[in-house]
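Thanks for coming. Please have the structure open while I talk.

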Amino acid sequence: MDWQGQKLVEQIMQIMLLVFAVTAFVAGYVLGSFQMMVLVYAGGVTLTGLITIPNWPFFNRHPLNWLDPSEAEKHPKPQVTVISKKKGSKK
Amino acid sequence: MHSFGYRLNGLLTFAVTILALMCAITSLSDNFNTPSPSAEIKIMNINWFQKQPQGHDEVSLTMNVSADLQSLFTWNTKQVFIFVAAEYETRKNSLNQVSLWDAIIPAKEHAKFWTHTSNKYRFVDQGNNLRGKKFNLTLHWHVMPKTGKMFADKIVLTGYSLPEEYR
């Protein structure tokens with residue numbers, strides 16, 4: 001998944017869970033059935049999981065352009081010179 | 001949301017947190033229920049009334065308990081536990097409570113009932129104060145929820161008394 005996809009998926013997950021929670025509570029309250037509330041919510045969590053967890057291609061529409069390995073070899077990493085610091089005298 | 005496991009963990013944690021909130025709201029919704037229960041207890045017979053070898057009075061009685069507790073049930077009720085207690089005063093204790101009978105009502109359909117029964121638990125006094133004693137019979141109930149707060153209340157029925165002599 002790319003960065004845009006990750007952000008989208010997180011939003012979808014939060015909104016879907018909240019919507020299902022409210023729907024489940026209203027359904028349970030109106031029908032007078034605690035079991036109905038739990039079933040609707042469990043179904044909602046599973047559905048949200050199926051949509052947001054796997055790496056669907058839909059979420060990879062802005063892929064990152066990783067540098068090609070053969071191109072990377074042509075531009076070696078610059079050498080980093082290590083400067084050793086001397087500790088100052090303590091007062 | 002960087003990997004499968006990360007997203008799975010995020011989803012499950014959020015889902016469980018929301019579930020906890022739903023349970024809290026469900027329990028709060030029970031406060032909107034205004035119950036109107038009714039009950040009647042008749043003592044049909046005093047089976048026997050003896051002084052036990054240790055010196056304590058004991059009485060066995062048969063009673064008819066009838067009640068309509070249907071209004072106590074909500075969508076969040078698992079069961080209602082009820083018990084009948086005899087309450088009386090003695091010189092030693094300002095309040096004695098002796099549980100005589102209890103039952104579990106699992107569903108609203110069973111909440112309107114009557115039962116003709118002798119006391120399930122022994123009606124024994126701490127001492128021998130029961131002769132001619134006036135007592136109340138209270139029907140207590142505990143509404144046990146599927147999630148959240150338990151409500152308990154009672155009806156006090158007065159006017160009962162025990163015989164003056166052992167029999």
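Between chain B and chain A there are three residue pairs in polar contact, both residues being at pLDDT 80 or more. A polar contact here is a pair of N or O atoms within 3.5 Å; within protein, one must be able to donate a hydrogen and the other to accept it, and residues adjacent in sequence count only if both atoms are side-chain atoms. By class, the side of chain B that touches chain A has eleven nonpolar, six polar and two charged residues. For the classes, Ala, Val, Leu, Ile, Met, Phe, Trp, Tyr, Cys and Pro count as nonpolar, Asp, Glu, Lys and Arg as charged, and the others, Gly among them, as polar.

A word on the ground rules. This is a predicted model, in which local features need pLDDT of at least 70 and side-chain atom pairs count only at pLDDT 80 or more, while totals for chains, interfaces and linings use all residues. Residues are numbered from 1 along each chain as its sequence is written, chains are lettered from A and ligands numbered from 1 in the order in which they are written, and side-chain values use heavy atoms, with hydrogens and water left out.

Back to the two chains. In contact with 26 residues of chain A are 19 residues of chain B, where contact means heavy atoms within 4.5 Å. The size of an interface is often given as the accessible area lost when the parts come together. For chain B and chain A the buried area is about 2000 Å², and carbon and sulfur atoms give 82% of that. Buried area is the accessible area, taken with a 1.4 Å probe, that two parts lose on being put together, summed over both. How many salt bridges are there between chain B and chain A? The count is zero. A salt bridge means a side-chain nitrogen of Lys or Arg within 4 Å of a carboxyl oxygen of Asp or Glu.

Next, the inside of chain B. Chain B is divided into domain 1, residues 1-32, and domain 2, residues 35-161; such bounds come from an automatic or database domain assignment. The C-alpha centres of these two domains of chain B are 41 Å apart. Where they meet, six residues of domain 1 of chain B contact eight residues of domain 2 of chain B. Together the two domains of chain B bury about 570 Å², with 51% of it on carbon and sulfur atoms. On the domain 1 side of chain B, the residues losing the most area to domain 2 are B:Thr26, B:Ser27 and B:Asp30, together 72% of what that side buries. Across this interface of domain 1 and domain 2 of chain B, the rule finds zero salt bridges, and four residue pairs are in polar contact, both at pLDDT 80 or more.

So where do salt bridges turn up? Over all chains, the structure holds three.

One joins B:Glu58 to B:Arg122, with the closest N and O atoms 2.7 Å apart. This pair links distant parts of the chain, 64 residues apart: B:Glu58 is in strand E2 (residues 57-68) of chain B and B:Arg122 is in the loop between E5 and E6 of chain B. Strands (E, at least two residues) are DSSP runs, numbered from the N terminus. Are these two residues buried or exposed? B:Glu58 is buried, at 6% relative accessible area, whereas B:Arg122 is exposed, at 57%. Buried means under 20% relative accessible area, exposed over 50%, and partly exposed in between, with a 1.4 Å probe and protein chains only.

Another is between B:Asp102 and B:Lys120, at 2.8 Å from N to O. B:Asp102 lies in strand E4 (residues 96-105) of chain B and B:Lys120 in the loop between E5 and E6 of chain B, so the pair ties together parts that are 18 residues apart in sequence. B:Asp102 is buried at 14%, and B:Lys120 is partly exposed at 48%.

There is also a salt bridge between B:Glu40 and B:Lys42, whose closest N and O atoms are 3.3 Å apart. B:Glu40 is partly exposed at 43%, and B:Lys42 is partly exposed at 45%.

Last, B:Val124, in strand E6 (residues 123-124) of chain B. Setting aside neighbours within four places in sequence, B:Val124 contacts B:His56, B:Asp57, B:Glu58, B:Tyr88 and B:Val98. B:Val124 counts as partly exposed, at 30% relative accessibility.

How values were computed: Helix = DSSP H or I, 4+ residues; strand = E, 2+ residues; numbered from the N terminus.
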